[in-house]
Amino acid sequence: MRRLLLLGLCCLLAPRLSWQQLPRPCASVEALTSKECCPVWSGDGSTCGANSGRGFCQNVVVSDLPNGPQYPHQNVDDRERWPLVFFNRTCQCAGNYMGFDCGDCKFGFFGANCAERRESVRRNILQLSVPERQRFISYLNLAKTTISPDYVIITGTHEQMENGTRPMFADASVYDLFVWMHYYVSRDTLLGGPGNVWENIDFAHEAAAFLPWHRVYLLLWEHQIRKVTGDFNFTIPYWDWRDARDCQVCTDELMGARSPLNPNLISPASVFSSWKVICTQPETYNDRELLCNGTGEGPLLRNPGNHDPSRVRRLPTSADVEAVLSLTDYETGSLDRSANLSFRNALEGFASPETGQVVSGQSTMHNSLHVFMNGSMSSVQGSANDPIFLLHHAFIDSIFEQWLRRHQPPRTLYPTANAPIGHNDGYYMVPFFPLYRNGDYFLSTKALGYEYAYLLDPSQRFVQEFLTPYLQQAQEIWAWLLGAGLVGAFVTAVLATAVALVCRRRQRRKKMPSSFGERQPLLHSSEEEGSSSYQTTL
């Protein structure tokens, strides 16, 4: 209860405090016109924490290897050769340090000097204890109501900003920041003129970077929640949807049940019924030649199961997952959504899990869950508005991890050239800042400091899935248990003392002689009076 009260207090204070704690130094005319984003680390007052050996301000070097033919344009989209349109000098962090000012630790490292190596375990949300579920929901809502202390969102193109002299940025909550990121990475290219766009472009979907990009996305989201809440043991839970017949997490205790008043809305009993979505109107943005500015656009929508059955026949099964895992090639052919026998393309949901061949007009595996939810989650650009997105992608990431462990592919198996724009090995992930290369995250979660409970060996799995929840519950209520124990001991002592005193008094009365010299009981034994039984009872 005390933690929930503190979280509530944080919700009220966070927007006021965030500007004082972490200003956004690179969203300024000076930074944009100089193309340099090398903030001062507050820990030692030096640029990129250089005085502490954390990092240095250096030139950004991007890959010049060719992209695939899917995007024929050049120098019309700010995301080309990311992040050079905005910055060509950034902090390059050393050792275990990370962050746009090198003030954070790399994934899997903790402590003031980032020297503590620790493995976090993501667990099945259906196996969390009630307090753990409540804490997760409260963290989500805190992220939705807390202005991001680290970042602002871009609301205009670099050209509309007049090459940086007229900055166009807006505040966003921690949660909405990540919704906007997912929108920005998948938005259409504005070619000039109302509705004149190039749609066949996506820097995080339909090609090789789909799995590494979403892996980093979840790690960054996890990292931000830890910073906002101060709970550095937090991990994103996953929803194991294999063989599910309905939305198992669509309850008011978890991600919100269906509203009895409108099947497209969330139940009023759920906190998510009050959430407002952003970045869900791509056609409007394209017509107006604008970017999503983070303004609320209506309630969160979800109507699971009432989708087009011809597109999604059923949710994926255990057999589907196993069939996809058996595919040995990460990418094949054109390296995009038309690739056959590609593990990535089959898992993303453009190919049949049984055959590995591309299927038109159907959505499988990852895509099928998005369609099945039949609401905000069913549109690529706005899908992250629904918090089920996190649970779903955590499980997709775990399947990716299974494939990496089973096949142990070398990094050379990841495409270095000719993938769709944004998907080559050396391409920096859009729009993450600091910078992360696609190929650097084509590796096991073990190297990134996290694990999935159901992938642990049986003994570790028992500890994580069964023993740990009970121990954590006991930790939550240990003070109450201790208090109850002390009170119980005190009451027992009082009762024991009282009984002892009564016994002593009775013994004394038996030994004391009668003042009238009577040697026999007042009631004599007599069958007529029945006094014998009475005396015995007395």
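Good morning. The structure is a predicted model, in which local features need pLDDT of at least 70 and side-chain atom pairs count only at pLDDT 80 or more, while totals for chains, interfaces and linings use all residues. Residues are numbered from 1 along each chain as its sequence is written, and side-chain values use heavy atoms, without hydrogens and water.

I begin with helix α5, residues 210-229; helices are DSSP runs of H or I with at least four residues, strands are runs of E with at least two, and both are numbered from the N terminus. Of the 20 residues of α5, 19 are buried, so the rest of the structure largely encloses this helix. Buried means under 20% relative accessible area, with a 1.4 Å probe and protein chains only. Gly230, with a positive phi near 80°, follows α5.

I turn now to the cavities. A cavity is a set of points, on a 1 Å grid over the protein atoms alone, where a 1.4 Å probe fits but cannot get out; its lining residues have an atom within 4 Å of a point. The structure holds five cavities of 30 Å³ or more, a volume being the space filled by probe spheres set on the points, which are joined across faces, edges and corners.

Which helix contributes most to the lining of the second largest cavity? The largest share, four residues, comes from α5.

Methods:
Expected span 1.5 Å × (residues − 1). Buried < 20%, exposed > 50% of the residue type's maximum accessible area, 1.4 Å probe, protein only. 1 Å grid on protein atoms, 1.4 Å probe; cavity = no way out; pocket = protein on both sides within 12 Å on 5 of 7 lines; lining within 4 Å.
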